[in-house]
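Subject: Structure handover and findings

Hello,

Here is the structure I promised to pass on. Please open it first, then read the notes below it.

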Amino acid sequence: MVNAPVIAKERGIRISEVRRDQEGAYEGYIKLTVSAGVLSRSVAGTVFSNGRPRLIQIKGIDMEAEFAPHMLYITNEDKPGFIGRLGTLLGNASVNIANFNLGRSAQGADAIALLQLDERISDAILKEIRTFPQVKQARALAF
């Protein structure tokens, strides 16, 4: 934290810090917004009383998800059948879902699925997920 603002400035990154009184359900959280031209993305997180960090918002969509060594991030249209098809594909590939977190901006609109997996997902399975008609983006994450 001490050197981060200096390093960011050296790399041409502008940082703005805004502090507010508690808003919403979380006593304290941090929100990171990255803007590049017309594209802007944000993610917010907090640390619960057990000391474990949680994501609480991605691209303006509320959700709650812990970090895990192997994760799957999907942005999709909120349409019936998506979760069942995804679960069937992963099950048939012997990929176990440890946790499944969902959030959506509105009924039938953009949604985000963030899954904790027991092992790394293969490139072939990831490629197949990307062929689903509701899927806009699918990425494997590792922490």
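Predicted model: local features only at pLDDT ≥ 70, side-chain atom pairs only at ≥ 80, totals over all residues.

Residues are numbered from 1 along each chain as its sequence is written, and side-chain values use heavy atoms, with hydrogens and water left out.

**Overall**

The protein has three helices and eight strands. Here helices (H or I, at least four residues) and strands (E, at least two) are DSSP runs, numbered from the N terminus. Their order from the N terminus is α-β-β-β-β-β-α-β-β-α-β. The C-alpha atoms fill a box of roughly 50 × 35 × 30 Å along the principal axes. Of the 143 residues, 30% count as buried. Buried means under 20% relative accessible area, exposed means over 50%, and partly exposed lies in between (1.4 Å probe, protein chains only). Take contacts between residues at least 6 apart in sequence: 53% of them join residues at least 24 apart. A contact means heavy atoms within 4.5 Å.

**Helix α2 and what follows it**

Helix α2 spans residues 82-92, and F82, L86, L89 and L90 are buried in it. They cover an arc of only 95° around the axis, so they sit on the same side of α2. That arc is taken from the directions from the helix axis to the C-beta atoms. The buried residues pack against β5 (70-77), β6 (97-104), β7 (110-117), α3 (123-129) and β8 (135-142).

S94 is exposed, with a relative accessible area of 61%.

**Q134**

Q134 lies in the loop between α3 and β8. Is Q134 buried or exposed? Q134 is buried, at a relative accessible area of 12%. Setting aside neighbours within four places in sequence, Q134 is in contact with T75, N76, E77, K79, P80, G81 and F82. F82 is also one of the buried residues of α2.

β3 and β4 (residues 61-66) pair in the antiparallel sense over four bridges. Two strands pair if DSSP finds at least two bridges between them. L55 has A65 in β4 as its bridge partner. The two strands form a hairpin with two residues between them. K59 is in that turn, with a positive phi of about 50°, although K59 is not a glycine. K59 is partly exposed, at a relative accessible area of 31%.

**The second largest pocket**

L55 and K59 turn up again here, in the lining of the second largest pocket. The lining also includes L32, V34, R41, S42, V43, I58, Y73 and Q137. A pocket, on a 1 Å grid over the protein atoms alone, is an open set of points where a 1.4 Å probe fits, with protein on both sides within 12 Å along at least five of seven lines; lining residues have an atom within 4 Å of a point. This pocket holds about 240 Å³ of space. Its volume is the space filled by probe spheres set on the points, which are joined across faces, edges and corners.

β1 (30-36), β2 (39-47) and β3 (53-58) each supply at least two lining residues. The largest share, three residues, comes from β2.

Best wishes
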